[in-house]
Structures are given as structure tokens and as C-alpha cells.
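Start with the structure below.

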Amino acid sequence: MITNANVNVGPFAVADVSYDRAVALAADLAVAPSQPHRFYALHVGGLNARTDRGFVQEMNDADLVCADGGSIVLLGKLAGGRSLERVPTTDAGWDVLRAIGERLGRRPRIALLGAPPETVGCAATVLAEGVPCDVVLAEHGYHQDWAGILLLLAEARPDVLVLGLGAPREMLWVRKHHEHLPPCLIMTCGGWFGFLSGEESRAPKALRQPGLEWIARAAQSPRRLLPRYLRGFVSTAIVGAQILKMRLLR
């Protein structure tokens, strides 16, 4: 990881950084990369997959892992974090792309991969209208054979690959195809394409600021998200108890 200021949240090393610092670090990774650089966010979906060794290894091999979700911030601070702030991709994605453009001195080249075809197509349009960038590739996330898409991705030469396959699948996808990915910033984004396309609505600011956006998301898609968040409560309690036990043993 590019910062030594990390805290252990269960088996994951999370950067103990503020929102602004996280944006700056992510943007720096996109400038003249010699290899793919990975910027991941840890939320309850990832915490629920903490027993998946491949996923944990990929998260800990990443260049930057930030806290996305109030539960991760809570656990990180319980583990000794001092600067830790929530860095949700739904907000940070915009700021990272703007910061990359400033550092490059030109419009960044963006590739989008994930979600159904109509969703990712709409997300690409909204993204290009909202921030100065050139969308050089927009592909859905339901391919059975990725060989052709990986070739298109290499030919597109993006500065940033925004990957929206959902955790842990998106991290495991990067791990599987890492040697075939172009030198760029890989930014996983979970369900961001759904928000960009308007299929999902952001929670009111009063819920977003304290990290309670999950309440609005669960209300919009209860069958899909409520079980994940319920498992997340259990995962948070288990990891929190582990952190407290380790602190008492010191």
C-alpha cells in the first residue's frame, strides 16, 4: 500500500487517511503508471467476504484501500485510526477523476466495465457530462469470455478503469486478469453505475454524512440488499469483538 498509515479491520489493511488525502493518493496513482494500480474501497459487502482468502489477499495487495461505510470507519477507529474518514466511490469517484485531469493537464481517458448494457451506457453518458473526460470504452459486466474485452481495453489505453461488478467479484476479477490489464488506475465502484444511470437514488444528506446511506439503499432494494446488510451487522460485531480483544491483550 502506498501509505504506511494503515489500520487493521479484520484481515484487511485500510488506509488511515481523510477523504481529501484518499482522493489525492488515488489521483497520484493514475499519473504515468508502469503497471495497473488498484484503488479499492472496503464496505460491509467486503467484510462479509473476509473468509475468502483470494479476496483478502487481493485487497491487501492493492495500492490503496479506503473505508466506504460507517461500519468500516467505526471499526477502523476502534483499531486505532486517527484520520480515517468515509470515502464512498459514489462521491469520491467524481473528485478522483477531476484530480486526475488536473494532474495530467488533459481530459482523462475513462473505461467503464460492469452492470447491464443499458445501465453502463447511461452511466458513461452521465459521467462524460459531469466531469471533463473521454469515455473510451463502456462494456457490461456479464461476459462469459473476457478475452475480447481485455483486448479492447488494452487498445483503448485508459487512464482509469472504473469497475462496477460488486464486491468481492470485482476484486477477484482484477486478480484473475491482472497480467492482461493496461497500466492505469483501477477503481472499483460497486453500484455506482446504478446511481449514475438514475436506477438508484442517493440517500438524503442527513443519512449520507453519518454513514447511514445503507438505510435508503435497503429501502430501495430490500430483497437484494437487506440480507447483505443484516450479515454486515453480524460481521461488524464479530470483527469489533476481535479488535477489542486484541486491544485488551496488549
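**Pocket lining and salt bridges**

Helix α12 contributes the most to the lining of the second largest pocket, with five residues. This is a predicted model: local features need pLDDT of at least 70, side-chain atom pairs count only at pLDDT 80 or more, and totals for chains, interfaces and linings use all residues. Residues are numbered from 1 along each chain as its sequence is written, and side-chain values use heavy atoms, with hydrogens and water left out.

**Second largest pocket**
- β1 (6–9) and α12 (222–249) each supply at least two lining residues.
- Helices (H or I, at least four residues) and strands (E, at least two) are DSSP runs, numbered from the N terminus.
- The lining includes V7, N8, V239 and R250.

**Salt bridges** (a side-chain nitrogen of Lys or Arg within 4 Å of a carboxyl oxygen of Asp or Glu)
- The whole structure holds eight salt bridges.
- E58 pairs with R175, with the closest N and O atoms 2.8 Å apart.
- E58 sits in α3 (residues 53–61) and R175 in α8 (residues 169–177), so the pair ties together parts 117 residues apart in sequence.
- E58 is buried at 1% relative accessibility, whereas R175 is partly exposed at 34%.
- Buried means under 20% relative accessible area, exposed over 50%, partly exposed in between (1.4 Å probe, protein chains only).
- D159 and R106 also meet in a salt bridge, at 2.8 Å from N to O.
- D159 lies in the loop between α7 (147–156) and β7 (160–164) and R106 in the loop between α5 and β5 (109–114), so this pair ties together parts 53 residues apart in sequence.
- Shared partners join R38, E58, D61 and R175 into one salt-bridge network.

Key
1 Å grid on protein atoms, 1.4 Å probe; cavity = no way out; pocket = protein on both sides within 12 Å on 5 of 7 lines; lining within 4 Å.
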